[in-house]
Amino acid sequence: MSSYFRNAMQVFKLLNKSNCKECFKPTCLAFAGSVFKGEKRLDECPYLSADVIMQFKDAPQKIPAIDQGASDIIEHYRKALAEIDLESKAEALGGILADDKLVIKVMGKNVSIDQNGKIFTDIHANQWVIMPLLNYIVQCKDDPISGIWVPFRELPSGRAWQGLFEKQSEELIKKVADTYPGFFQEILELFNGKKVEKHYKSDIALVVYPLPKIPILICYWLAEDGIESDLHLFFDAKTEDYLHINSIYAIGAGLARMFEKLAIKHGF
Ligand code: SF4
């Protein structure tokens, strides 16, 4: 399985640190930075083994833009949705049918979708909401969630996306939680979040529902005795029965951006 780079240091650790310049960079560190930014390929260092180069062959060498490729995926789901009988599937999706539109809760707010995938809502529906929503309607199975929480990396396809997910979701949400004191209260009030029993010895634990069968458990540990605060998201073990890993990642990254905007709006 191919891997990806979470930072330039991870590239640097693979190099022999001789600063020989055969890659036309002044140092191995400069080469590592260029690979991470996508300006150089790993195989431009002649001293890396074929195994290492193969391991990272298909890796995105820098973190892709958050909206990269989303339009094509959305179009694909819109076409698939046109073939679905919304009335018979509404209950399985946790929604209802009204005026020939499926009405479904997204982060606790009603959103309507017609048979062509056109969305009617008061919330700001950017593609990081639209993609998972359409995917959910197309893919969601008619069976209940498991009730078992797992971290992202323990979802069947989670490990390959773990680095991106940490960087684009958990780390950003942790920053908001660290700096914006009203953060968790706002989630409860604005997004219909629910306080739950403190899991994994966390100081704060609450659940949000980006989609009816997609609960996300947010656990936050306060900084204590010189140990940094921490934050992790947990998913139902069956989440990939209802959503592609792309969409699960998009929900996490979308939540992070939405929470960041809230914090900025309040001056943090
Ligand atoms: S060719 Fe490889 S070993 Fe030489 S400077 Fe570049 S990265 Fe370092």
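Helix H4 passes helix H6 in a left-handed crossing, meaning that the near helix is turned anticlockwise from the far one by less than a right angle. The two pack at an angle of about 35 degrees, with their axes 9 Å apart; axes here are lines fitted to C-alpha atoms over the stretch in contact, and angles run from 0 to 180 degrees between N-to-C directions. Keep in mind that this is a predicted model, where local features need pLDDT of at least 70 and side-chain atom pairs count only at pLDDT 80 or more, while totals for chains, interfaces and linings use all residues. Residues are numbered from 1 along each chain as its sequence is written, and side-chain values use heavy atoms, leaving out hydrogens and water.

Helices (H or I, at least four residues) and strands (E, at least two) are DSSP runs, numbered from the N terminus. Here are three of them:

| Element | Residues |
|---|---|
| Helix H4 | 70-82 |
| Helix H6 | 127-139 |
| Helix H10 | 245-265 |

Where H4 and H6 meet, H4 brings residues including Ile73, Tyr77 and Leu81, and H6 brings residues including Trp128, Met131 and Leu134. H6 has 13 residues and reaches 18 Å from its first C-alpha to its last, close to the 18 Å expected at 1.5 Å a residue (the expected span is 1.5 Å times one less than the number of residues). Among its buried residues are Trp128, Leu133 and Tyr136, where buried means under 20% relative accessible area, with a 1.4 Å probe and protein chains only.

Leu133 and Tyr136 also turn up in the largest nonpolar core, which has 61 residues; they are among the members that touch the most others, as are Phe183 and Phe259. Such a core is a set of buried Ala, Val, Leu, Ile, Met, Phe, Trp, Tyr and Cys residues joined through side-chain atoms within 4.5 Å. Helix H10 gives the most to this core, with 11 residues. The core draws at least three residues from each of domain 2 (70-139) and domain 3 (149-265), with bounds from an automatic or database domain assignment.

What does Phe259 touch, not counting residues up to four places away in sequence? Its contacts (heavy atoms within 4.5 Å) are Ile173, Val176, Phe183, Ile187, Phe191 and Ile218. Apart from this core lies another, of 15 residues, including Phe5 and Cys28.

Zooming out, the protein has 10 helices and nine strands. Buried residues make up 44% of its 268 residues.

Key:
Buried means under 20% relative accessible area, exposed over 50%, partly exposed in between (1.4 Å probe, protein chains only).
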